[in-house]
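Subject: Structure handover

Hello,

Please find the structure below, with my notes after it.

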Amino acid sequence: MPADTAHTPNIENTDGARDLARLFALQKETCAASPYPSFDERIDRLNRLIRLTEDNETKFVEAINADFGNRSFYETVIAEIVVTVSGAKLAKKHLQNWMRPRGVPTPLHMLPAKSRIEPQPLGVVGVISPWNYPLQLALAPTVAALAAGNSVLIKPSELTPRLSEALKQAIASEFDEGVCAVVTGGVEVGQAFTETPFDHLLFTGSTSIGARVAQAAANNLTPVTLELGGKSPAIIDESADIGAAAKSIAYGKMMNAGQTCVAPDYVLAPEQLLDQTADAIADAARSMFPAIDTSDDYTSIISDRHFSRLKSLADDARKRGARIIEIGSSNALHPQRKIPLTIVINPPSDAEVMKEEIFGPILPILSTASADSAIAHVNAGDRPLALYWYGDNKQTRDRVLQKTVSGGVTVNDTLWHVAQENLPFGGVGKSGIGAYHGERGFETFSHLKPVFYQSRFTSGSILYPPYTEKTGKVLSFLRKFI
Ligand code: NAD
């Protein structure tokens, strides 16, 4: 290992720790030996990633299902397999263009030199992924990092151990460990991972752990991309089609049982439309999951701890007198850790459900007096990862978009801006730092190196010392062009 990277993470000598140290050293050597993988090598790596995802589809679906207790088959295929493969195919399609040096204009007084930005691999990229979309959130950043020519080490969540193991084996079957590998383990391995001097670290997870990751990475000056969470609002305008908005919000909130970073966390609705909105969301939920108590299409909560946390959020709102509409009978669902959609109408602002990211199928609906009070509500909290706005009034829409700051926005629907790979995906403020997906992902994992190609016909040397009266005249002349 080169001297400048010989930082030893401070952890016990566990299997995970030994794997981490060995794999990091190996990947460093691989990058040093081949710092600029060719276009063909990168395409081959992306093909391997697509192949391992498709060939192991059944294994991944079963592993995720077992990790969750019950994970909707369709949600796994759409959100884990299809999203990953389509992202990799898009990267393949555009890679040649992304890798090309980008010419930038050279000012008149510097001609005839040329200037270019030349994307260059960073080296070894670390990816820490969460449990909620355990395959997609491990592989989507890996696609971007491999496309940019890096080696990648992935640390998946300990809450999805079967998927983590299946992913480790699938990656080992397609990749040389020097190019891509998985290291598994608990929080200690996660901490050691963040203390490892990667050339870039992408973390997807909670805001509180994200802050610790950034602190640990700072010791090595490792640049970080933090993909975090937060309370993403869905704002309903007076001009909205309530039926369509309700279906979209019910879908966004019930997909993966609300365990989605960009799920609508709560709804802001005009006072006069509050009851209509709540009823329409309840109706939409019932028609999407007519037998939610027994349906395998409705996903379980990941763990007993998360299940109890969500139950206590709903109980707290109930105790504080909020009106609750529950879709399905929650008691019948306990053995599979399922929680029905639980609509909480106008909880008080000090209710627990309004203080933290819900990350489950509980949906507060708050009445607002006007678009401006909805804006003020959003701006009183941390900057959200996503914002959803429903309506037809373009002036109000633009006012909301201009006066609120969120990671991303979908107008008149939920979630979709994330699936549009040509849009950068990331948070802002407490919901994240940096972004990836599509070309932005390639850039995140590249050093965009500025290169100035001097011409042999340069006249720059006339400004070299010794400084004379002639230097002053040349300078005065050149300043006319600046
Ligand atoms: P988490 O922060 O608990 O864990 C994420 C990962 O960090 C896991 O792999 C875990 O093992 C690891 N980890 C835990 N403690 C660590 C430490 N001290 N140092 C280093 N690594 C550590 O998050 P989670 O519960 O797995 O996921 C849910 C959160 O993730 C939610 O807040 C959600 O909004 C957010 N999320 C964000 C996105 C996004 O793209 N912005 C996507 C999915 C989830």
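This is a predicted model: local features need pLDDT of at least 70, side-chain atom pairs count only at pLDDT 80 or more; totals for chains, interfaces and linings use all residues.

Residues are numbered from 1 along each chain as its sequence is written, and side-chain values use heavy atoms, with hydrogens and water left out.

Some conventions come next. Helices (H or I, at least four residues) and strands (E, at least two) are DSSP runs, numbered from the N terminus. Strands are taken as paired if DSSP finds at least two bridges between them. Angles run from 0 to 180 degrees between N-to-C directions, with axes as lines fitted to C-alpha atoms, for helices over the stretch in contact.

The 7-stranded sheet

This sheet is open, with mixed pairing and the order β10-β11-β12-β9-β8-β13-β14. Its edge strands, β10 (323–326) and β14 (408–411), each pair on one side only. From one strand to the next the twist averages 20°. Strands β13 and β14 run parallel, joined over 4 bridges, and Y388 stands opposite T410 in β14. Two helices pack on the sheet. Helix α9 touches β8, β9, β12 and β13 (contact: heavy atoms within 4.5 Å), and its direction makes about 175° with that of β8. Helix α14 (residues 394–403) touches β8, β13 and β14, at about 165° to the direction of β13.

β8 and β9 also pair in the parallel sense, over 3 bridges, with A234 opposite V267 in β9.

Helix α9

Helix α9 (residues 242–254) has 13 residues and spans 18 Å from its first C-alpha to its last, close to the 18 Å expected at 1.5 Å a residue; the expected span is 1.5 Å times one less than the number of residues. Its buried residues are I242, A245, A246, S248, I249, A250, G252, K253 and M254. The elements that cover them include α4, α10 (274–288), β8 (233–236), β9 (266–270), β12 (362–368) and β13 (386–390).

The 3-stranded sheet

A second open sheet has the order β1-β2-β16 and antiparallel pairing. β1 (102–104) and β16 (446–453) stand at the edges with a single partner strand each, so one side of each has no neighbour in the sheet. Neighbouring strands here are turned by 30° against each other on average, direction ignored. β1 pairs with β2 (residues 114–121) over 3 bridges, and R102 stands opposite I117 in β2.

Helices α2 and α4

The axes of α2 (residues 39–55) and α4 (residues 73–99) come within 9 Å and cross at roughly 170°. That makes α2 roughly antiparallel to α4 (over 145 degrees). Among the contact residues are F39, I43 and L46 in α2 and I81, V85 and L95 in α4.

Residue S300

S300 lies in the loop between α10 and α11 (304–319). Which is it, buried or exposed? At 0% relative accessibility, S300 counts as buried. Leaving out residues up to four places away in sequence, S300 touches F68, G69, N70, Q259, Q336, R337 and K338.

Regards

Methods
Angles under 35 degrees count as roughly parallel, over 145 as roughly antiparallel, 65 to 115 as roughly perpendicular and the rest as oblique. Buried means under 20% relative accessible area, exposed over 50%, partly exposed in between (1.4 Å probe, protein chains only).
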